[in-house]
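Please look at the sequence and structure first.

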2 protein chains.
Amino acid sequence: MSARDLFLGIDLGGSKILAGVVTGAGKILSRAKTATPFSGGGDALLNALRETASSALREAGISPARLTAIGMGSPGPLDPARGLILRTPNIAVKKLAVGPWLSREFRAPLVLDNDVHMAVYGEWIAGAARGKARVVGLWIGTGVGGCVLWDGKVVHGVNRNAGEIGHMILDARRVRPGKPRGTLEWEASKTGIARHVRKAVRRGKKSKLARHVKGDGERLHSSDLAEAFAAKDGPAVAAVENSAWYVGLAIANLFDVLAPELFVLGGGVSSALETSYLALVRASALEHAFSTELGRPRIVLSRLGDDAGLLGAVFASRDTPRAARPAPRARTSPRRPV
Amino acid sequence: MSARDLFLGIDLGGSKILAGVVTGAGKILSRAKTATPFSGGGDALLNALRETASSALREAGISPARLTAIGMGSPGPLDPARGLILRTPNIAVKKLAVGPWLSREFRAPLVLDNDVHMAVYGEWIAGAARGKARVVGLWIGTGVGGCVLWDGKVVHGVNRNAGEIGHMILDARRVRPGKPRGTLEWEASKTGIARHVRKAVRRGKKSKLARHVKGDGERLHSSDLAEAFAAKDGPAVAAVENSAWYVGLAIANLFDVLAPELFVLGGGVSSALETSYLALVRASALEHAFSTELGRPRIVLSRLGDDAGLLGAVFASRDTPRAARPAPRARTSPRRPV
């Protein structure tokens, strides 16, 4: 890598697409952001990704030809080697070849991995997990994602999609096949928080968030949630406490199994609520961990915040050996993306 | 290690103590077995351990002076470096310096680790997990233990007691601080199975196991359980199905997080019920795992059976560098253990 190498980072999230041009040293030269299109399927998503990436390039004033590589994080399950989104619970696409397509559009090799894998890798290179060999990240946003980083490497596992901590079943007796009920994500995600607030409002409780959780298109933003929590809004406080309680419980489970050096919390909910959320998670983790005589769970907040996924994707594309990166296939049309 | 090196293996379980003299190549020269003393505290336990080990030495016809090292597995939590049992849910001891004591008694260095860590290490060296780099073991016996073996090394973690899969919380809403309710062990262990059968009997159901689960000293043996299960004894079948369902669910959780190459099932319940238990566990794991497009959980039975813990302890003491083994401290009395 030369100091002049430039990378395009893309962070596809359940709420928004973030793209940026970033130096190999992690300096962000430009940022662009759009809302994730939930309906419209693959075409709408690919167009939104291209537009966001093109904006980032335009803003940085560089042409795609300057790009050394592209790193992209996406919700899973994925086929990282082939650059496919297999399916995602939060965006309506199936077996979408997003990697090869973007790689062709911008004529640069692309590394695709789970969005939270990218974010935790970013925290490991340049954030809260620097210098730690064994780290577990939990990202509490629209959904709940996770990543196990073991001896400095992201654990992908035999299914290439390890780290799906959000799908950890914590309420076995509430599980029904194929349904998200009973999982960590069901209780702890922003979607789960909104559901709890909505239920409370329907039971007649008053909440500042009532209009954000109606489910008629109005969406709950993490910043609104944080505001309501700070104002001691009853349903908001209860739902956040419930979310943090479950996250702490999942951390206790993972601590009992793996006892990593560090847990990192990130994602919209955690970033907006910050230390108040962290304190609740810590209390629950310490209450539920079994074996703490010789070491206790250590839990910290993400330091890179909203940029974790973007930076991690860039670092991953930077650190992936050139031979392992899928080569961009020949373009079939002379169209330029920007 | 020379071919003439002999090792003493000790497997302290929730039901029985197993000791044996074993060659460095894993050939078992003698075996001795006694029931684990549940009450009587540390002294009773140490005496029982000494007697069992002495029997094994006598039967093999060798003196302690011939021992290269001792390997011992014990339920946790432990302080492996100092050879302490910190506490165990199933045996009434606290901060018991079992390692230094046995090491003095038999004048040989002793390596102490969790009983299931030892068993899974045994399976990795000479059993069902040979040649696999990333393995998770679940041992379903009196309690439920576990072990993560990652890149060929047992994961001990920052608390030195990782692998406590039995304490994974799977019914969050049933958990009360400090109580075992809501954990995998609560549902899946032989103790949990006995509780379920007992409840069914109290509700008026007929079961061949009724007298084994009264809780008045009569104990449920895995062989009786297997017999009742084979005879389609209603309460036995339901309790075993429940146990396997929870084990499969825990495996699904661990698969979603780590996606290891292999899961190994061992312990009394699994060994007695064999393939019928395995089939139930597999069905539940496949039903609950989230991301199986590119790889599915692979689950097999222990191959070393009852000897896994003993052999694993011997292999661990054999493979621990001499410098890392605690040296036996000088004896304060000339008493001989055998």
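B:Glu187 is buried, at a relative accessible area of 1% (buried means under 20% relative accessible area, exposed over 50%, partly exposed in between; 1.4 Å probe, protein chains only). B:Glu187 forms a salt bridge with B:Arg174 (a side-chain nitrogen of Lys or Arg within 4 Å of a carboxyl oxygen of Asp or Glu). This is a predicted model: local features need pLDDT of at least 70, side-chain atom pairs count only at pLDDT 80 or more, and totals for chains, interfaces and linings use all residues. Residues are numbered from 1 along each chain as its sequence is written, chains are lettered from A and ligands numbered from 1 in the order in which they are written, and side-chain values use heavy atoms, with hydrogens and water left out.

**Within chain B**
- The closest N and O atoms of B:Arg174 and B:Glu187 are 3.2 Å apart.
- That pair links distant parts of the chain, 13 residues apart: B:Arg174 sits in the loop between S11 and H4, B:Glu187 in helix H4 (helices are DSSP runs of H or I, at least four residues; strands are runs of E, at least two; both are numbered from the N terminus).
- B:Asp319 and B:Arg318 also meet in a salt bridge, at 2.7 Å, N to O.
- B:Asp319 is partly exposed at 33%, and B:Arg318 is partly exposed at 22%.

**Between chains**
- B:Arg173 and A:Asp171 form a salt bridge of 3.7 Å, N to O.
- Each residue lies in the loop between strand S11 (153-154) and helix H4 (184-188) of its own chain, B for B:Arg173 and A for A:Asp171, so the pair joins two chains.
- B:Arg173 is partly exposed at 42% relative accessibility, whereas A:Asp171 is buried at 3%.

**Network and total**
- Salt bridges with shared partners join A:Asp171, A:Arg174, A:Glu187 and B:Arg173 into one network.
- Over all chains, the structure holds 20 salt bridges.
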